[in-house]
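Work through the exercises below with the model open. Try each task before you read its solution.

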Amino acid sequence: MGSPTATTNPFPLGDTSVSADWVLPVVGQPMANTTVGWNTSGTITNIVAAEAGSSPKSTGGKKTILTPGLVNTHTHLELTFPRTIPPDPNGIFSNWLSSVIATVQQVSQQPNATEQLHRRIAAGGSQALSSGTTCVNDITRCLETPAILSTVGLRGVVSWEWFHPAWDSLDTEPITQAFQKFQQAFVNLPLLKAGLSPHSFYNVSPAALLALLKACEDSPPWLIHAHVGECNDELAWLHQQPNGLDALHATMRGQIFGPQPHHSQAPFPHWLHYLTHHGVLPSQQRWVLAHGAVLSEEEWALLAQWKQQGFPVGVSHCLQSNQWLHQHSIPCEQVNRALKCSGLLSIGTDSPLSSPEPSQCLDIRTEARALQAHHGLPAETLLQLATVGGAQQLGIGNTIGQLTKGYQADMVLWEVPADVPCTTAQEAIEAWLHPQTTLKAVWVNGTLQQLSNSLLMKTHHNKSAEKRLPALE
Ligand SMILES: [Zn+2]
């Protein structure tokens, strides 16, 4: 029974709305000439055909596409250095890791080290946001990371990284206290969740992880984010071949831990067998395994089986990092198999230090184009992996990752050049990935984010942000 005057508000949709030539909800069919509205809580309240003349904000033959915000499931934003660290000439991964540690130790000696660290995190966060990522799964050693990412405007999970390779010592009290302190850094940051990152299982013993989880069972981490199966050297370490691991521990921890119990037992064929043997996996606790580049066929089958049984575990595929450092990544046939198992695979980027092109490293569309070239995946699959796939893996797939009523408005408006085909739904999906398509606007939880590539952008609670901050490094 609407009166004719109801049209004075052309968008009775919510408090705010945006129209686009194409809305790609990811779950559901692409919608031409559509408006999405949301309320002050950032919740999508309606998705309807755009009013004549209200849409789309394209000019000069350009078209607009609205997608969910992208999700990057493996980052180390504190390693946003403006350069890369090339692979070790002898192909020894522990040497590369030692170079990373040396770089971090070197900058931590500088007088403005803390300021530089905070600036690297903010710069990485804003690089991600300005390329369309609205949600990250980050690993950090810095207590300020949650506050900085909140100010940048990102959503996500930030996991506290720790190392504890000693099997014979279960003195995890200091680590437990540090993690509990880290959890307190998330108070009043509703878009960010506290996770735990035992860096890898050559750097953390399963017993130490279980002891820490036991100590934190009243307030468990949102998820566990660990490097698993990144390269063949890791497998050698599992198979009783120290091959640089002792030297790495000497650099990292100032001591050598020597043969571990698994060295004297029948070797485990793979890391997942090792973790299963020690009662770490599978688990009701959510897990994101970073890389998984050398997981065997048998391990992929095990992961798929766990998913079917309801265990929340997934792999963050970081193709460019793997290719750059190890000239190897998850084989295409394993990727194709994993794609049949919803939520098993997502897209991550790792850090600029492990990227062929540091300035592009945090751009998920660049990573998706690499996946397209290497695995032959269609744009539609890549959009799914980069949105709903990542959101599911992080345990927030009922909040973000798709444009659906009741979901939170994490969204990106893209502008497609006039000469890129964008008339049909299929063309619109492909245009999303086109290198000349640019980001026009990005919202996180319904809030339009100010974008800036400048390192002088709003930095967390540094009130003197206006003053010229030193360049990175
Ligand atoms: Zn990593």
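The expected span of a helix is 1.5 Å times one less than its number of residues. Helices (H or I, at least four residues) and strands (E, at least two) are DSSP runs, numbered from the N terminus. The model is predicted: local features need pLDDT of at least 70, side-chain atom pairs count only at pLDDT 80 or more, and totals for chains, interfaces and linings use all residues. Residue numbers start from 1 along each chain as its sequence is written.

**Exercise 1.** Compare the span of helix α2 (residues 113-130) with the expected one.

Solution. Count the residues: α2 has 18. Take the distance from its first C-alpha to its last: 25 Å. That is close to the expected 26 Å. Then look just past α2: Gly132 takes a positive phi of about 105°.

**Exercise 2.** Find why strand β13 (residues 411-416) is largely enclosed.

Solution. Call a residue buried if 20 or more other C-beta atoms lie within 10 Å of its own, exposed if 12 or fewer, and partly exposed in between; C-beta atoms are placed from the backbone. In β13, 6 of the 6 residues are buried, so the rest of the structure largely encloses the strand.

**Exercise 3.** Which strands pair with β13?

Solution. Pairing requires at least two DSSP bridges between two strands. Strand β4 (residues 63-68) pairs antiparallel with β13 over 6 bridges. Here Ile65 stands opposite Trp414. Strand β14 (residues 438-444) also runs antiparallel to β13, joined by 5 bridges. There Trp414 stands opposite Leu439.
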